[in-house]
Amino acid sequence: MKIDGLNISYSERPKIIAEIGINHNGSLDAAKKISELAAEAGADIIKTQLHIPEEEMSMAAKSLIPKHCDSSIFEIIDQCSLKIDEEFELKRFIDDLGCIYLSTPFSAKAANILGGEFEVKAFKIGSGECNNPTILDAAVQYHVPLIISTGMNSLSSCQWTYDYVYKNSNIRPILMHTTNLYPTPKHLVRLGGIAELQSIAGIDNVGLSDHTNNNLACIGSVVLGTVLLERHFTDTLDRTGPDIMNSMDPAQLKELRCCSEEMFLMRGGSKMEAIPEEQDTRDFAFATIVATKFINAGDSITTENSTPKRPGCGDFQAKDHVQILGMKVRCSIETGTHILKTHLLYDL
């Protein structure tokens with residue numbers, strides 16, 4: 001997948017999404033400050049949330065209080081959202097920072113604003129909208145990449161979403177393994193789900209949207225092949241808000257960028273063949289067969305007159321000892337000499 005020139009695949013270092021979300025508490029100035037710090041700390045993509053409360057929630061939401069919050073979800077979203085014109089100004093600000101602007105629509109109207117007026121280069125679909133055809137249809141009509149979080153959904157539901165999007169748009173979305181608990185307990189991170197999503201979307205199309213309170217899950221997921229890493233981001237962990245407890249600050253984002261790049265370099269490779277870079281170490285670390293006694297010409301190689309010793313400057317490695325036992329030598333061999341093929345009467 002390519003988003004506005006940014007390559008996203010298994011063969012590229014994993015790209016980092018800094019999710020501002022509602023951490024700005026409805027302040028455009030705060031949103032700009034947080035975005036600027038995210039760009040400086042190494043974010044590739046800066047993500048927001050486009051909320052139009054009355055479009056995405058019924059009045060019942062005014063009495064629904066999430067477990068990790070003190071106010072109703074309607075009140076939280078209403079108070080913490082930017083106005084549409086403010087959101088557009090934030091988008092332009094993020095564009096000028098050299099990062100990719102990404103936003104999550106929570107209604108079809110929000111998706112149409114992002115795809116139409118904002119002309120976004122990609123959509124991020126939240127876990128709650130993973131199996132919502134109304135929002136998926138609104139997003140895919142703009143023929144840009146989709147990144148879809150999969151928290152709260154079973155594997156069969158994720159398969160349905162992937163198939164629905166591909167069938168209706170020919171877009172192969174990136175599926176983000178997610179657990180929607182804030183913060184997520186370690187035993188419910190379930191990194192094993194990454195391989196399951198890869199079986200649906202392929203090795204190039206699975207990422208992690210993490211809600212723990214450190215970088216460990218993200219870094220570990222890189223080993224498993226994630227191509228996108230998303231965490232909530234804030235300028236300071238001293239802020240108040242429902243997502244602060246599972247957000248990273250600039251120092252943690254810098255760490256994530258650095259460590260994920262290192263882990264990317266470490267993953268992959270093969271043990272099929274010994275690597276040439278180890279040859280210098282092999283030369284002194286491997287044992288080869290050495291004469292432990294003076295061996296006269298015509299004598300046979302035995303366990304009494306030979307044994308494996310380092311370094312590896314002979315012709316016969318330790319595992320080859322049994323192969324040359326009983327063979328006669330064509331010339332005398334001094335004690336301590338590494339045995340060579342030319343010492344033997346018979347060709348091997």
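A charge sits over a ring if NZ of Lys or CZ of Arg is within 6 Å of the ring centre and within 35 degrees of the ring normal. Keep that in mind for the first view; everything here comes from a predicted model.

**View A. Lysine 62 sits over phenylalanine 74.** Here the charged end of lysine 62 is 5.0 Å from the centre of the phenylalanine 74 ring.

**View B. Arginine 172 sits over tyrosine 166.** This time the charged end belongs to arginine 172, and the centre of the tyrosine 166 ring is 4.1 Å away from that end.

**View C. Phenylalanine 123 and tyrosine 142 make a tilted pair.** Searching the whole structure turns up 4 aromatic pairs. In this one, the ring centres are 6.1 Å apart and the planes meet at 40°, so the pair counts as tilted. Phenylalanine 123 is buried, at 0% relative accessible area, whereas tyrosine 142 is partly exposed at 26%.

**View D. Phe88, Tyr101 and Phe118 come together as one aromatic cluster.** Look for these three side chains in the close-up.

**View E. Threonine 302 is in the loop between strands S12 and S13.** Its relative accessibility is 27%, so threonine 302 counts as partly exposed. Setting aside residues up to four places away in sequence, threonine 302 touches His321 and Leu325.

Definitions and conventions
Residues numbered from 1 in each chain as written. Predicted model: local features only at pLDDT ≥ 70, side-chain atom pairs only at ≥ 80, totals over all residues. Heavy atoms only, no water. Helix = DSSP H or I, 4+ residues; strand = E, 2+ residues; numbered from the N terminus. Buried < 20%, exposed > 50% of the residue type's maximum accessible area, 1.4 Å probe, protein only. Contact = heavy atoms within 4.5 Å. Phe/Tyr/Trp six-rings, centres within 6.5 Å; stacked < 30°, edge-to-face > 60°.
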